[in-house]
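Subject: Structure handover

Hi,

Here is the structure for you to look over. My notes on what turned up follow below.

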Amino acid sequence: MNKIFVVVGIKHFTQTEIYHTRTEIIQHIIGIYSTKKHADEIAEQIERAREAEYFSGSIEVKEYQLHEGTYFPV
């Protein structure tokens with residue numbers, strides 16, 4: 001497997017306490033797939049989900065290539 005495809009999205013959590021509200025924003029790895037087609041399908045399903053906690057338009061597929069035992073972004 002020389003290439004992998006990583007589906008990522010920016011997720012937000014909001015926690016309300018008595019005197020303040022805290023919001024955390026993180027880039028979350030949703031999944032790692034061996035084919036671009038499968039990664040695209042998962043990304044599309046998450047984009048369409050209404051209850052997703054991901055910012056709209058933040059779901060993307062990143063491609064990585066294996067080079068000397070380590071995966072690097074293409």
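**Surface and overall form**

The accessible surface of the protein comes to about 5,700 Å², and carbon and sulfur atoms account for 52% of it. Bear in mind that this is a predicted model. Of the 74 residues, 22% count as buried.

Along the sequence the order is β-β-α-β-β. The radius of gyration is 15 Å, well over the 11 Å that the globule rule gives for 74 residues, so the protein is more spread out than a compact globule. Taken along the principal axes, the C-alpha atoms fill a box of roughly 50 × 25 × 15 Å.

Contacts come next. Take those between residues at least 6 apart in sequence: 55% of them join residues at least 24 apart. On charge, the protein has 8 positive and 11 negative charges. Their mean positions are 3 Å apart.

**Strand pairing**

Strand β1 covers residues 3-16, and strand β3 covers residues 60-67. They pair in the antiparallel sense, over six bridges. Phe5 stands opposite Glu63 in β3.

β3 also pairs with strand β4, residues 70-73. That pairing is antiparallel too, with four bridges. Tyr64 has Pro73 in β4 as its bridge partner. The hairpin of β3 and β4 has two residues between the strands. Glu68 in this hairpin takes a positive phi near 55 degrees.

Is Ile4 buried or exposed? Its relative accessibility is 10%; the cut-off for buried is under 20%, so Ile4 counts as buried. Which residues does Ile4 touch, leaving out those up to four places away in sequence? They are Ile32, Tyr33, Lys62, Glu63, Tyr64 and Tyr71. Tyr64 is 60 residues from Ile4 along the chain, yet their C-alpha atoms are separated by 5.3 Å.

*Lys62.* This one lies in strand β3. Its relative accessible area is 28%. Buried requires under 20% and exposed over 50%, so Lys62 is partly exposed. Leaving aside neighbours within four places in sequence, Lys62 is in contact with Ile4, Phe5, Val6, Val8 and Gln27.

*Lys11.* Back to strand β1, where Lys11 lies. Lys11 has a relative accessible area of 16%. That is under the 20% cut-off, so this lysine is buried. What does Lys11 touch, not counting residues up to four places away in sequence? The set is Glu24, Ile25, Ile26, His28, Glu53 and Tyr54.

Lys62 and Lys11 are 51 residues apart along the chain, and their C-alpha atoms are separated by 17 Å.

**Where to start**

I would open the view on Ile4 and its contacts, which include Lys62 and Tyr64. Then move to the hairpin of β3 and β4 and find Glu68 with its positive phi. Finish at Lys11, a buried residue, whose contacts include Glu24 and Glu53.

Best wishes

Definitions and conventions
Residues are numbered from 1 along each chain as its sequence is written. This is a predicted model: local features need pLDDT of at least 70, side-chain atom pairs count only at pLDDT 80 or more; totals for chains, interfaces and linings use all residues. Side-chain values use heavy atoms; hydrogens and water are left out. The radius of gyration is taken over C-alpha atoms; the globule rule is 2.2 Å times the number of residues to the power 0.38. Buried means under 20% relative accessible area, exposed over 50%, partly exposed in between (1.4 Å probe, protein chains only). Contact means heavy atoms within 4.5 Å. Accessible areas come from the Shrake-Rupley method with a 1.4 Å probe; for residues, only the protein chains shown count as cover. Lys and Arg count as positive and Asp and Glu as negative; His and the chain ends are not counted. The place of a charge is taken as NZ of Lys, CZ of Arg, CG of Asp or CD of Glu. Two strands pair if DSSP finds at least two bridges between them.
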